[in-house]
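Reader: Please take a close look at the contacts in this model. Start inside one chain, then move on to the places where parts meet.

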Amino acid sequence: MNWPGLRRVDKFLLKNQLAVLAVLAFVFFALVSPFFASAFNLQNLAREGAELGIVCVGATLVLLLGRLDISVGAVLGMSALIVILGCKAFALPLPLLVVVVLLFGAGIGAINGVLSSVVGIPSFIATLISLVILRGVMQWASSTEIMRTANSAVSTDHVFLAIGNGVFAGIPTSVLVLAVLFAATILVLRFTRIGTSIYALGGNFQAALRAGLRVTALEIGVFAFAGFCSALAGIFLASRLDSVTYQTGQYLEFYVLIAVILGGTSIAGGVGGVWGTLLGVAFIGILNNGMVMLTVDRDYQDVVIAAFLVFALVGDQYLNRRGETARRWQLADLWTPRQAKRR
Amino acid sequence: MMTIKTKILASFLCLATAGVARAAIAGEAEPLTPAYSDFQGKTIGFAFPDRQSMNIQKVFRDNAVYRARELGWKVIETDAKWDVGTQSKNILSLAARSDVAGIVMLSIDYVANNNAVKQFEATGRPVVVYHMGISYPSAGHVGPNFYQMGRLFAKTMTEDLGGKGKIALILGDPNSQSAVDDLRGMKEWLKENKSGLEIVFEQPANWDAEKAKQVTKTLLQQHPDVAGIWCNWDVQCVGMGQALKEAGQVGKIKTWTEAASDVCFTGLQEGYFTKCIGWDTRDQVRRAVDLVSMLVESGWKQGDKGIVWNVPLYIVTKDNMNDPRVHRLAFGEHSGYVSGESN
Amino acid sequence: MEGLSTPAELARAARFQRARGARALFAWAGRNALTLIFLALCILLSATLPTFLTLGNWTIILQSSAIIGVMGFGLSFVMISGSFDLSFAATMLLAGAVSARIIMLDDQATVLALLAGPLAGAVVGVLNGTVVVVTGISPLLATIATAMLIRAFAVLYVMQTWMEIPRSAASFLWLGQGSLRGIPISIFLLAGVAAASFILLNRTGFGRMLYAVGASPRAARVAGLRDEAVRIGAFMICGACAGIAGVINVSSVGGLSAVFNISYLYDVITVVVVGGVSFFGGVGTVYGVVLGLLIIGVLKNAMIILNTPYYAQSMVGGVFLLLAIGLDSWLRKRRAG
Amino acid sequence: MTSAALRLEARGITKSFPGVRAVANVDLALMPGEIHALVGENGSGKSTLCMVFSGIYRPDSGIIFIDGAMVRPENPRHAQALGISMMYQESNLVPELTVAQNVALGHDPFLTRQAALVESVAAILRRLKFDVDPRMKAATLGGAQMQMVEIAKALYTRSKVIIMDEPTAALSASEVQRLHDVIREIAASGIAIIYISHALEEALALADRVTVLRDGEVAACRSTSELCREDLVHLMVGQHVEIVQRPTTRAKRGAELVRTMGLCWRDRVRDASFSLYAGEIVGLAGLIGSGRTEVASLLAGINRPDGGQIFVRSREVDLRSPRDALGHGIAILTENRKEEGLFLPLSVAHNLTIGILSRLRGIMGLLSPAREREEARAIADRLRLSTPSLQIDVRSLSGGNQQKLLIGRMLVREPDILIFDEPTKGVDVGAIAEIHHLIRELASRGKGILVISSYLPEIMALSDRILVMRGGEIVQDIDAADASTDAVISRAFV
């Protein structure tokens, strides 16, 4: 019984299905709405997509480890808030600001990693907590007078605005950054020990352990990277909207999950990659933007998205994990940190 | 008197055919279609925060659309369902449509839509904001001046309480700019006029009626001697009213709220509101539509000075509420009207 | 212990003694930390706030905990069965809308309205359960999806603008607004649900099987229990509780609006987890949930009395969640040895 | 011989776990290039010993030398660094990584130059005469290929000592041949190899010397040239103390309770046909992985057979779930009681009564605590369960009492077909006797009983009839009276 072979076929199909779907969706919307394919809208689509994509790159690695990070939205929002505050209230030099924010994101991610790997809190819950606390902080911050004035001022700093709204050779800067990040991640996954370690850890924990990989450090690192990506996206968002609210980035985590899982990365870990994620992002981006263009009622948009989430989950269940024993999902798979059997 | 059977039947029918049922709430005369109008063949875009959740929003929406059709506009509606991100996406999607000549909107957030509006206006098309304003100087704003309203509230409260006493504030979302201006005006007036009123309690209910009810109950428990309660606005104040009723304080404690909405009228009717400060909700949106129309006609372009119309404020009490002129403030004439274009 | 011959045997016996001692200690901490925290809070607050320890204030604490509490008991059933449900907030909205809709059609159909809400909730629960159990998708993600669907259905097909309950529907409104001898009805409802949960969990076969399935699904199968049916049953109860909570909400304010009611999600999860219901299934008591409810309720109440800025409140919630879950995972690790 | 000349030398290795002394004072010495077979029954301590070498366990006492230098393997990585690498029984590959990446896992440079890596791995594979593209994913490999990759791993880390735990368990005869050639080849290059196997001929054919472990101690260490298969078997079995007297009076076999015909499941159970009669105890002997547990799981409805029929009281039945099986009076005591038996967070009483909830109904159909207490108490007494209280966590019971508890739970359903899978695994001596006594008594009360055990003496002592399994097939069905331990062993081993 050649399950692995079958699985390859399935995953191949799944990924190409997605590409086909994306193209079909694009064509469909282009036909239905004369303005969908307009340069203006495409740039929009690209910008929104790029920000989602940047977050998803990090989230993909977390899922490859068999973990979940639902704090991405909050981290993105908080980073955006820091950028606005630093840039418009304290007029900090941009480079410094960027560094600080990226460090902040990575820091929060690292904390998530520690909570998940060292303390042993289920990653979903650990990140849920960070989410709740971060939102609390954002509410407090945006209620302060200084934040309000900074926020409501219309920025004139062209460099700052250029980050999120600028175009380079007709391509939005955020897209270029996404491309770089994406390429870098692929290279790391393919050509460095880190990449192999991530797949090893997600794919066969025992083997990873016996090969002497530093599992804890790796997990913390990956979560930190996810935080870093969210912060990066946050910078672009802040500059693009030139403002932030305590709700910025709300529910982003759902879209991220959907895009990544649609992209063929298994929640069980060890299976998938960034390439699929990129397709997933493209598809979700097109779908979302297209439905908005057609002024589809937001509740119906939710229905569509939810339907695709279910589709993605079932796909993950029966395609990616086929061939393993017909064991059903136990919550433990998602929650219990797989501890080493050391005696 | 229906039999239980027919009741069940009816209830399930109404669940099944809810779409129809929703239309059934409404249903009024179509507006006159002009034989000639400069706007014929042109499209006006609406960016509503939510057409459905509160009656006052419905009144805004219905009258706005009615007026637009009256002027011969073709109408495109978008609905953000109170999601900040969605609203700016909606505006950008309208921006992408070259057929849209201008936008009339109620912005969920004071700053979140700045960039979207800016991008739209950059193409030489005006945006008119009604009710709450936004910090970006858009082409026009029609709505109450919340700072002045705050001062008026302070004055009224002081008069009603004979110049002294403890008062409590039940806020909605403390981060919404209207609330901020309200409070600023209120507190400044109290300070300037050495009013004997003392604000002893200030808690948000996040627009949630149940939460407002519990908060008010705690308030009454903690400050039995509280003389007056100011409740920000709309549905959550129903909760406050409930609390007063259950505590048997109706009429004993003076209460004030904002906007001549159906909530205000019910409250006055049932006695749990002393006064509402309202304005002509119908007139407000009609002016907004008119303003956009004029700007379009007069070839508005970005950089022109923004036009502001602060609607006059009226005090509604139990005594004058049945005066048809006052009643009109709340409901206009076309609150039942549902546009054919709406989706 | 009988038949301890070899040194190894003795060593092992000793180890068991020690281990048992340690376990007992941790278990004790796990069980009673809550009670201690609660008592400490109460003493602290009644010392600092004169009005804290009054009947009136406690009525408010309980009444404002009613909805969260009812929901919390429902959720703990699902969690004890080793699963999870993130869609209950949406279910609350739907159930509330259904009963509101019915009462608006006929203000005398109180009984029908009161039954329809929980019924709708139960149906949704069964659907949730079936999806999770049959497809075997991770319950968290599955219920995220169903939550979106349920909410959309409620808003699109059941709700209208602000749904105002006619004042003539007195008996329906009495449920959330009336009171007996100064004690609000919703408190009686809360107590009722608590009692029912207690009986279901401790005095019925279903309860036993629930714990068993949550503790070890495989062992439960081998022992010949209908594990899948039990897990779906847990979801059904959770849905029904969401229904009751939704109905209380509608009748308490005499109306329902589609917006801004997701805030319940984190509140409920916090209460249940602080109450010591384990994420890993098989562990959790009504007593614990009640304590969790009281602790969070008292905290919120105190923060409102002290007129604390609202943002502090959500942060405190998060911190408490962190502590509670940290404790849970830590104790679990210790038991695992 | 001076220790300098030795590749690996171990002196007085001792390692004990709670209740058992797995390895006691073992000496072992390997010359460079030597292939050293390690044989012994299940639980004789082979694996433990190797895990001590490969750094998974720390020895309680004893010292290890590599090339004359004393070493103390801290963890697998450290052991590899010292030159000891181990091939585990279960596959140790990451399905999503390529063969090359798997081989280099944990030892590749930070920047893996694929080409170079593939080249170096390819070189190793060529040396193993193993033609597989290093760039293909491990997920696509077959059993034999996986073993090869494991060996490649060991070579990649330049190991001086390679420990192979049952490398041929899943291989066909021809594959075994190839593997052996490879092993001889790499041994020739001076690497010492510890070869654990149940296949005695293999061991004899391949190894230079063989060490026989019995109950954690070295029974013998001889050159293979001076041994034949029978000697080996003798050495392995030794003079076992009969822990219980075999019944003098054979229980008279009653009606046929169960008959299976040609049961098949995956590739683990092949055409298993046997019968079980009332009042008899049938022992199911065989090595781990010979399909004993699987057969049991088919009877108990835990797994569903792919083919074949099961007759209960000569009526054909379809057992979809353990629930069905219980319905037909078949109850099982599973091997791993922590995962498939006990409800750890629950109290002893709740664990006992979970199967008979319907009997505990009191007023208004609610469970009555009083009745529950007496029911639980009754079972506990019947099994002489020693527990401070019925309310404590079942966790804190000793292994023996946990096992008794499970047996008790199984009995309250009054089944007449009972399956005991490793009934005395991890159970203290006192309890073992009791459990054996209990099983006897049940048989004498006319129950049909199937006992699975890796510990042959137990099978020999308990059963009236013995089924020997090998590679998923029942290879022998003999009356215990005229079965000798050696006979059984030699059938169970290849």
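Author: In chain D, 10 residues of domain 1 are in contact with 12 residues of domain 2. Two residues count as in contact if their C-beta atoms, placed from the backbone, lie within 7 Å. The domain 1 side of chain D has four nonpolar, five polar and one charged residues. Here Ala, Val, Leu, Ile, Met, Phe, Trp, Tyr, Cys and Pro are nonpolar, Asp, Glu, Lys and Arg are charged, and the others, Gly among them, are polar. Domain 1 of chain D spans 3-237 and domain 2 spans 256-492; such bounds come from an automatic or database domain assignment. Their C-alpha centres lie 35 Å apart.

This is a predicted model, in which local features need pLDDT of at least 70 and side-chain atom pairs count only at pLDDT 80 or more, while totals for chains, interfaces and linings use all residues. Residues are numbered from 1 along each chain as its sequence is written, and chains are lettered from A and ligands numbered from 1 in the order in which they are written.

Now the chains. Helices (H or I, at least four residues) and strands (E, at least two) are DSSP runs, numbered from the N terminus. Chains B and D have no contact; their closest C-alpha atoms lie 31 Å apart.

The axes of H2(A) and helix H12 (residues 252-262) of chain A come within 9 Å and cross at roughly 65°. That makes the two helices roughly perpendicular, a class that covers 65 to 115 degrees. Axes are lines fitted to C-alpha atoms, for helices over the stretch in contact, with angles from 0 to 180 degrees between N-to-C directions. From H2(A), residues including Leu52(A), Val55(A) and Leu63(A) meet residues of H12(A), among them Leu252(A) and Tyr255(A). This contact has 10 nonpolar, one polar and no charged residues.

Conventions: Parallel < 35°, antiparallel > 145°, perpendicular 65-115°, else oblique.
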